[in-house]
Amino acid sequence: MMPNRDAADAGLDVIDSSSVIICCGSGGVGKTTTAAVLGLEAARRGRRAVVVTIDPARRLADALGLPDGLASTPQRIDVDHISGPVSGELSAMMLDTAATFDGLVKRHADNQDQVERILNNAFYRNIAGALSGTQEYMAAETLHELHGDDRFDLVVVDTPPSRNALDFLEAPGVLARFLDHRLFRLLMLPTRGGLKVIGTATQPLLKAIGKVVGSEVLADSVAFFQAFAGMEAGFRERADEVVALIRAPETSFVVVASPRHDTIGEAVWFGEQLVEQGVGVTSAIVNRAHPAFGEGSAAEALVSADEARERADDVLSALWANVAELRTMHEAELEVIAPLREIAGKDRLALLPLLDRDIHDLDGLWTIAGHLFAQNNDH
Amino acid sequence: MPPESEYPLQSLTAARVVVVAGKGGVGKTTVTAVIARAASATGQRVLLVELDGKPTLANLVPDLEVLAISAPEALDEYLREHGFSRIAKRLNRTGVIEVVGTAAPGIDDIVVLGKIKQLERSGKYDLIVVDGPAAGHAITFLTSAAGLSGAVHSGPVRAQADDVLELLHDGERCQVVLVALPETTPVNEVVETAFALEDTVGVQLGPVVVNMVDVVGGSSGAGFVSGPVATVIESLPGDVATRAAVSQLDDPVVAAALVEAAAFRRSRREMEAEELARLAAALPIPRVLLPARLVAGLSPIDIDALASVLGDPGVNREAGDDA
């Protein structure tokens with residue numbers, strides 16, 4: 001079947017030329033595993049890599065040899081026992097959205113009193129957990145932080161599942177934009193001198209909102225905007241820095257997909273958005289592709305199955321029929337992948353095979369890395 | 001109409017509203033389409049609801065009624081219908097909904113569930129199948145009502161939350177169907193979600209649908225059923241028989257490919273069987289298995305084929321009382 005020599009190039013390119021790798025794609029396509037594989041391969045090549053995941057999947061922690069799970073600060077992974085030489089280092093951590101957000105507030109606040117008023121505010125706690133884009137924002141913030149950390153020279157980050165690649169590009173500005181919100185200005189403008197919040201009763205719109213959602217909720221949000229006053233500029237500045245890093249040439253975007261029509265469609269959409277934004281797709285990785293099992297097409301295997309059946313060799317017939325089914329999947333998958341190959345560039349797309357078992361240890365990740373970067377990639 | 005004994009479709013459509021939930025990539029939308037198609041084939045008036053603004057569902061069941069519900073539109077509609085037209089207008093104009101949604105998280109989910117409740121009450125449909133929210137959002141989606149009725153003490157949103165809670169707590173009106181794949185992580189996730197939903201929402205759980213199963217027990221046979229390949233691999237030769245059969249072949253490369261392919265398939269199937277057993281042991285609810293198809297993207301034809309599996313009494317259903 002189609003030799004997949006390009007796989008090696010796709011991987012080499014992205015690991016050696018980047019200091020930040022952002023893995024994006026829709027949910028359930030193996031972004032987290034891909035991020036771990038890239039981190040492991042980078043470590044093999046002598047880099048000091050840290051993988052940040054937003055996925056609390058137990059299995060990854062187990063695969064990395066962390067029985068207590070991933071922590072919210074980088075932990076060194078013991079790579080001495082895998083079946084190949086590793087000259088660099090690998091660390092991993094899980095994104096802690098709320099703690100990262102608290103850290104930002106502490107950095108930008110003028111004093112301890114302001115910090116406490118914000119952290120204790122119900123509306124703030126909702127923002128930290130529920131404002132759309134917060135998770136992406138904190139992932140971007142964390143990667144900025146790690147990028148500046150001398151212990152690491154490569155940060156691999158796994159993004160939250162999202163329909164929109166721009167979510168991640170725009171996420172750092174999410175709070176700044178929120179603070180720019182009309183409601184904020186509605187609350188603040190009438191008393192610009194002292195930034196005193198106006199009484200809800202005097203503002204018909206606020207009165208109306210209070211009627212719908214209840215007055216306690218409204219009071220919390222008013223108190224939140226009040227507590228945040230003065231911090232917008234600091235947040236905006238920081239957001240600009242983070243965005244600059246995400247858009248820097250040393251930052252690579254790897255689009256991850258599974259070989260299914262719908263997820264490829266989303267990966268292509270991601271890719272198009274990235275190209276439009278001028279960042280582009282560095283590589284595309286398609287996980288869990290069915291291997292072809294030898295040369296030849298599904299149709300040929302089916303002919304062999306029929307011939308064997310005519311000779312009353314049922315065992316051989318079943319074996320050929322099995323190959324025919326697996327090759328049918330392989331061929332169908334190559335067909336749906338084509339548009340992604342087009343947008344990523346022919347030699348920037350790598351297919352990773354569906355393995356016969358789940359990955360449950362570092363050697364499993366190592367095997368995958370071997371498929372991605374080995375010279376004779378013949379699946 | 002359904003016979004006395006339960007079969008997959010009957011248990012999957014035991015409530016008027018069926019919310020299909022599961023993590024990304026497990027085939028939530030497929031299962032939504034298959035349930036709707038199977039129910040429609042028995043003459044039920046079926047409505048599909050999608051929440052993510054994608055056209056996938058409508059493409060899978062082109063002749064069925066699909067309604068897209070978005071939170072801002074549902075809130076707007078609710079306010080207008082309940083005498084808050086002026087607020088609705090102002091909320092939209094100022095774009096305050098985002099702020100309101102952050103102030104009271106779950107408000108967007110509440111108005112969506114409220115809209116579904118309204119459709120259920122309308123009596124226009126025998127069955128409403130909801131393609132639930134994406135990723136890990138199912139639990140927050142379904143707990144929004146309980147959370148909000150604790151936080152908001154009065155007003156129309158509170159009233160809506162109370163109505164939604166009533167719907168969620170009534171097993172005849174609403175049930176959740178969780179979707180998994182026969183693999184480690186999806187099984188873990190479905191088990192966690194099932195317990196979380198039972199603990200926090202108290203919603204009725206329907207059968208768990210396990211999607212893309214290579215081997216499906218029972219009379220319907222096995223494998224990638226009725227795909228483009230005519231032969232169905234019901235029983236793969238074992239390793240010994242395989243080696244004996246390929247020893248007659250002249251080309252060692254071909255022989256190796258046949259051996260490797262058989263070993264691969266056997267290994268995948270073993271893993272699936274282990275995961276199905278683990279799911280059965282962890283969750284005392286029935287499981288419905290949907291066979292994998294030999295395609296890299298489903299079409300309406302595949303949905304029809306899978307729906308006929310659901311509508312076939314006595315197949316592809318594993319008892320849930322063994323755990």
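**Asking how the labels were reached**

Modeller: A312(A) sits in the loop that joins α15 (298-310) to α16 (314-344) of chain A; helices are DSSP runs of H or I with at least four residues, strands runs of E with at least two, both numbered from the N terminus. This is a predicted model, in which local features need pLDDT of at least 70 and side-chain atom pairs pLDDT 80 or more, while totals for chains, interfaces and linings use all residues. Residues are numbered from 1 along each chain as written, chains are lettered from A and ligands numbered from 1 in the order written, and side-chain values use heavy atoms, without hydrogens or water.

Colleague: Why is A312(A) called exposed?

Modeller: Its relative accessible area is 61%. Exposed means over 50%, buried under 20%, and partly exposed in between, with a 1.4 Å probe and protein chains only. A312(A) is therefore exposed.

Colleague: What makes the phi of A312(A) worth a remark?

Modeller: Phi of A312(A) is near 65°, a positive value in a residue other than glycine. Most residues other than glycine have a negative phi.

Colleague: Where is M212(B), and why is it called partly exposed?

Modeller: M212(B) belongs to strand β7 (residues 208-213) of chain B. Its relative accessible area is 28%, so M212(B) counts as partly exposed. Phi of M212(B) is near 55°, again positive in a residue that is not glycine.

Colleague: How do you know how many disulfides there are?

Modeller: A search of the whole structure finds zero disulfides over all chains; a disulfide is a pair of cysteine sulfur atoms within 2.5 Å. For C23(A), the closest cysteine sulfur is in C24(A), at 7.7 Å, so the two are too far apart for a bond. C24(A) is likewise in no disulfide, the sulfur of C23(A) being its nearest, 7.7 Å away.

Colleague: Are C23(A) and C24(A) buried or exposed?

Modeller: C23(A) is at 0% relative accessibility and so counts as buried. C24(A), at 5%, is therefore buried too.

Colleague: What makes up the largest nonpolar core?

Modeller: It has 66 residues, and F101(A) and F228(A) have the most contacts inside it. Such a core is a set of buried Ala, Val, Leu, Ile, Met, Phe, Trp, Tyr and Cys residues joined through side-chain atoms within 4.5 Å.

Colleague: Why is T134(A) called buried, and what does it contact?

Modeller: T134(A) has a relative accessible area of 2%, so it is buried. It is found in helix α7 (residues 134-147) of chain A. Beyond neighbours within four places in sequence, T134(A) is in contact (heavy atoms within 4.5 Å) with T97(A), F101(A), I127(A) and A128(A).

Colleague: How much of chain A is buried?

Modeller: Buried residues make up 58% of its 379 residues. Chain A has 17 helices and eight strands.

Colleague: At what angle do α7(B) and α9(B) cross, and why is α7(B) called oblique to α9(B)?

Modeller: The axes of α7 (residues 107-121) and α9 (residues 156-169) of chain B come within 9 Å and cross at roughly 60°. That makes α7(B) oblique to α9(B), since under 35 degrees is roughly parallel, over 145 roughly antiparallel, 65 to 115 roughly perpendicular, and the rest oblique. Axes are lines fitted to C-alpha atoms, for helices over the stretch in contact, and angles run from 0 to 180 degrees between N-to-C directions.
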